[in-house]
Amino acid sequence: MPTKKKPQVTAPEPPAAGGVRDRRGELLDTAAEVFAEQGYNATTVRKIADHAGMLAGSLYYHFDSKESMLEEILRTFLDELWDGYDTVLGARLGPRETLEALVTESFREIDRHRAAVAIYQKESRQLVAQERFAFLAESQRRFEKTWLSTLERGVADRAFRADLDIRLTYRFVRDTVWVAASWYRPGGQHSPEDIARQYLSMVLDGIAVRE
C-alpha cells in the first residue's frame with residue numbers, strides 16, 4: 001500500500017493502445033489497494049488519483065467512475081478464479097485430489113489478487129444488493145456448490161470421514177483459506193503452493209480417513 005502521495009501530473013497518458021492497457025492495469029492495482037485499505041465507501045476518485053500520482057480528471061480518461069473500477073477489479077479476480085477452478089473440476093480428479101487442487105488454486109489467486117480478495121471479503125455483502133454487482137451472488141452460489149459437492153463426494157467415496165458435518169466443514173475450509181488475504185504478501189518467504197501444502201496438511205489430518 002503506498003504510504004506517500006506521488007507528485008501529481010497534469011498531462012494524460014499517450015493514447016497508444018498498449019500503453020493505455022498497461023496504465024489501466026496499474027491504475028486498477030492502485031485502486032484495489034486503496035479500496036482494500038480504506039474501504040469502498042470511504043474511497044473517492046480523488047484519493048485513488050492521489051495515490052496514482054495524477055489529477056482526478058486524468059483518471060476519468062480511463063474510467064468513468066469508481067464503481068466501474070471496482071467492478072473490473074472484482075470481475076477480473078473472479079474470472080481468473082473460475083478459470084482455475086474449472087480446470088481443476090475438468091480434470092475429474094478424486095475428491096481428495098480435487099480439494100487439494102482447489103485449495104492450491106485459491107492460494108494462487110490470493111497471490112495474484114490479494115487486494116481484490118480483501119475487498120470481496122469486506123464489501124461483497126453490501127455490494128451484492130446493487131444490480132451492477134449481482135454477479136457476486138452468482139459466483140458465491142457456484143463457489144458453495146463446488147466445495148460442498150467435493151466434500152459430499154469425498155464422504156461418499158470414503159476419502160473423508162462419514163461423520164463430517166459437510167456444511168460446517170465447507171465453512172471452516174473456506175474461511176481458513178481466504179482469511180490469508182489479510183496477512184499474505186506476494187513475494188514473501190513462502191510461495192502460494194508452500195502455504196497450500198501446509199494448510200492441507202493441517203486440514204486433511206483432521207478429515208481424511210485413517211488407515
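A: In this predicted model, residues 24 or more positions apart account for 74% of the contacts with a separation of 6 or more in the protein chain, a contact being heavy atoms within 4.5 Å.

Q: What should I know about numbering and confidence limits?
A: Residues are numbered from 1 along each chain as its sequence is written, and side-chain values use heavy atoms, with hydrogens and water left out. As the model is predicted, local features need pLDDT of at least 70 and side-chain atom pairs count only at pLDDT 80 or more, whereas totals for chains, interfaces and linings use all residues.

Q: How many helices and strands are there in the chain?
A: There are nine helices and zero strands, where helices (H or I, at least four residues) and strands (E, at least two) are DSSP runs numbered from the N terminus.

Q: And what share of the residues is buried?
A: Of the 211 residues in the protein chain, 45% are buried; buried means under 20% relative accessible area, exposed over 50%, and partly exposed in between, with a 1.4 Å probe and protein chains only.

Q: Where is the kink in α6 centred?
A: The kink of about 45° is centred on Q121, the bend being the angle between axes fitted to the seven residues ending there and the seven starting there.

Q: How many residues of α6 are buried, then?
A: Ten of the 14 residues of α6 are buried, among them R114, Y120, E123 and S124.

Q: Changing topic, what is the volume of the largest pocket?
A: The largest pocket has a volume of about 530 Å³. Of the 18 residues that line the largest pocket, Y120, Q121, S124, Q140 and R174 are the closest to its centre. A pocket here is an open set of points on a 1 Å grid over the protein atoms alone, where a 1.4 Å probe fits, with protein on both sides within 12 Å along at least five of seven lines, and lining residues have an atom within 4 Å of a point. The volume is the space filled by probe spheres set on the points, which are joined across faces, edges and corners.

Q: Which helices each supply at least two residues of that lining?
A: Those are α4 (66-90), α6, α7 (135-156) and α8 (166-178).

Q: What about the phi of R92, and where does R92 lie?
A: R92 has a positive phi near 55° and lies in the loop between α4 and α5 (95-112). R92 counts as exposed because its relative accessibility is 76%.

Q: Where is R158, buried or exposed?
A: R158 sits in the loop between α7 and α8, has a positive phi of about 65°, and is exposed, with a relative accessible area of 65%.
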